[in-house]
Amino acid sequence: MFDGPTWIDAFVALVLGPWFLATILNATTRGRALVFRSEVLSRLVPQWNFFAPTPGEHDFQLLYRHQIQDGRIEPWCAWHTTGGPRGRCAWLWNPGKYRRKALFDITVLLLREIERSRDQLDAVKLSIPYLLIANHLAALPRPRDVVAWQFTVVRLERGGGAGEVLFVSDLHAV
Amino acid sequence: MELMDPLDMVSILTGAGLLLSALETWSSRAVFRHDGLLSWDISRLQNTWSAAGPTGALLDVVERDATFTVLILVRGLAALALIVVPIDHPLFLGASGALAVALVLLSLRSRYGLDGAHQMFLLLVVALWLGSLAGPESLGRRLCVWFIAGQAALSYLVAGLAKLGSERWRSGGALIGILGTEIYGHAGAHAFFAERPRLAQLACWGVFVFEIAFPVVFVLPAELAVGMLIAALAFHLVNAVLMGLNTFLFAFAATYPAILAVVL
């Protein structure tokens with residue numbers, strides 16, 4: 001039987017009510033700017049505009065190459081891609097989606113950072129997406145004679161055609 | 001026969017989805033390691049609150065490799081508890097609370113790599129925890145049911161309106177474009193729609209008209225409301241098969257018992 005509101009009911013309303021209102025705010029352009037003023041809020045308030053208004057319609061690939069002691073630069077090596085076969089059971093078991101989605105988000109935000117900084121590479125090099133890729137690449141095992149490494153971001157064409165190079169990093173000393 | 005609490009049904013589906021998600025995260029935990037693509041050592045530099053001060057120090061303890069691995073296990077066990085323990089059992093409060101904390105920590109860890117299913121799971125476990133705290137037949141528990149149902153309706157409505165506002169979606173090009181990728185696409189479905197652009201446009205309109213109309217589920221007669229939920233479930237099943245969005249299926253299906261409880 002319902003015995004009237006208690007302090008726990010009030011607590012529930014106090015948590016869920018503002019959360020719901022913030023979700024509505026987050027669905028509008030001006031409201032989103034408000035929610036995004038707080039990084040914590042922006043991580044906890046859902047944004048429901050899946051794949052819209054501008055859906056991702058390309059895959060990306062990261063490649064890297066080494067400079068060796070004698071100054072030669074080796075050919076590019078394919079590294080991570082947002083693509084690759086998902087497997088027949090991906091409708092139920094799809095662990096690869098974390099790496100793919102992480103790479104997709106990192107790449108998109110790196111490209112946004114490059115656009116925003118208008119080719120001032122120093123600012124890009126301090127951005128989180130750049131640092132995430134660099135940190136990951138720096139941890140790769142490499143031959144002893146390697147003195148520097150660099151990476152590139154390629155937008156893949158559908159059907160396996162040649163991709164478009166979107167960004168090439170500096171050479172970073174090992 | 002005593003009717004099951006709608007939040008018990010929400011809990012079973014949420015638990016199943018989160019158990020799957022925990023197992024998948026475990027399987028790809030290298031991504032989250034200090035040298036992985038989502039390294040905490042780098043991600044924490046995004047904000048002052050995560051990089052320094054007391055909050056930074058606290059987060060650094062719980063987000064480091066070893067603790068993060070333990071948190072995945074906690075998520076798996078707590079998700080299992082959500083499946084087998086009824087909402088009014090004392091264990092439920094602890095399990096849903098642990099899950100809520102673990103998912104909040106995952107959200108705070110990095111802004112990259114998470115999806116809409118994660119967002120819905122976070123809402124669900126917090127609502128389940130609060131519903132368990134409020135107790136049976138309380139106003140608080142009813143608020144939790146309304147919150148879940150309302151968020152589900154809002155999610156479809158916002159997704160539909162965002163698509164309607166996009167020329168790419170209205171023309172049908174978005175569907176062909178997305179299906180042409182490997183990350184969320186499907187070669188067979190892409191070839192099918194690429195050859196039939198009018199059908200792709202019709203499918204896009206079908207999706208966002210359905211999404212925008214979804215909130216009418218609350219005023220429809222029960223039989224039609226059930227039909228609408230079956231259609232929504234089929235939509236997520238198709239997305240799971242064609243796009244690999246497997247956890248969305250559980251996250252959104254978990255909201256349907258709450259919608260039904262409001263409708264019936």
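Two residues are in contact if their C-beta atoms, placed from the backbone, lie within 7 Å. Helices (H or I, at least four residues) and strands (E, at least two) are DSSP runs, numbered from the N terminus. The model shown is predicted: local features need pLDDT of at least 70, side-chain atom pairs count only at pLDDT 80 or more, and totals for chains, interfaces and linings use all residues. Residues are numbered from 1 along each chain as its sequence is written, and chains are lettered from A and ligands numbered from 1 in the order in which they are written.

View 1. Helix α14(B) spans residues 246-253 and is mostly covered. Eight of its eight residues are buried (20 or more other C-beta atoms within 10 Å of the residue's own; exposed means 12 or fewer, partly exposed in between; C-beta atoms are placed from the backbone). They are B:N246, B:T247, B:F248, B:L249, B:F250, B:A251, B:F252 and B:A253. These buried residues pack against five helices of chain B: α1 (6-27), α7 (116-134), α8 (139-164), α13 (222-243) and α15 (256-263).

**View 2. The packing of α1(B) on α14(B).** Two packed helices are described by the angle between their axes and the distance between the axes. Here the angle is about 160° and the axes of α1(B) and α14(B) are 8 Å apart. Axes are lines fitted to C-alpha atoms, for helices over the stretch in contact, and angles run from 0 to 180 degrees between N-to-C directions. α1(B) and α14(B) are therefore roughly antiparallel (angles over 145 degrees; under 35 is roughly parallel, 65 to 115 roughly perpendicular, the rest oblique). α1(B) passes α14(B) in a left-handed crossing (the near helix is turned anticlockwise from the far one by less than a right angle; clockwise is right-handed). From α1(B), the contact uses B:L13, B:A16, B:G17, B:L20 and B:S21. From α14(B) come B:T247, B:F250, B:A251 and B:A253. By class, six of these contact residues are nonpolar, three polar and none charged. Ala, Val, Leu, Ile, Met, Phe, Trp, Tyr, Cys and Pro count as nonpolar, Asp, Glu, Lys and Arg as charged, and the others, Gly among them, as polar.

**View 3. The packing of α5(B) on α6(B).** Helices α5(B) (residues 65-84) and α6(B) (residues 90-109) pack at about 140°, with their axes 9 Å apart. That angle makes α5(B) oblique to α6(B). The crossing of α5(B) past α6(B) is left-handed. α5(B) brings B:L71, B:V74, B:R75, B:A78, B:A79, B:A81 and B:L82 to the contact. α6(B) answers with B:L91, B:A95, B:S96, B:A98, B:L99, B:A102 and B:L105. The contact residues divide into 12 nonpolar, one polar and one charged.

**View 4. Where chain A meets chain B.** 58 residues of chain A are in contact with 60 residues of chain B. On the chain A side, α1 (7-25), α3 (39-44), α4 (97-116) and α6 (128-138) each supply at least two residues. The largest share, 10 residues, comes from α4(A). This side of chain A has 33 nonpolar, 13 polar and 12 charged residues.

**View 5. B:G116, a glycine in contact with both chains.** B:G116 is found in helix α7 of chain B. The glycine B:G116 is buried, with 20 other C-beta atoms within 10 Å. Leaving aside neighbours within four places in sequence, B:G116 is in contact with A:F50 and B:F248.

**View 6. Strand pairing around β1 of chain A.** Strands β1(A) (residues 59-68) and β3(A) (residues 146-156) pair in the antiparallel sense over 10 bridges; pairing requires that DSSP find at least two bridges between two strands. A:Q67 stands opposite A:A148 in β3(A). β1(A) also pairs with β2(A) (residues 77-81), antiparallel, over three bridges. There the bridge partner of A:Y64 is A:C77.

**View 7. Backbone details in two loops.** A:F51 and A:P53 both lie in the loop between α3 and β1 of chain A. A cis peptide bond joins A:A52 and A:P53, with omega about 5°. A:F51 has a positive phi of about 55° although it is not a glycine. A:F51 counts as buried, with 21 C-beta neighbours inside 10 Å. B:E137 lies in the loop between α7 and α8 of chain B. Phi of B:E137 is also positive, near 55°. B:E137 counts as exposed, with 11 C-beta neighbours inside 10 Å.
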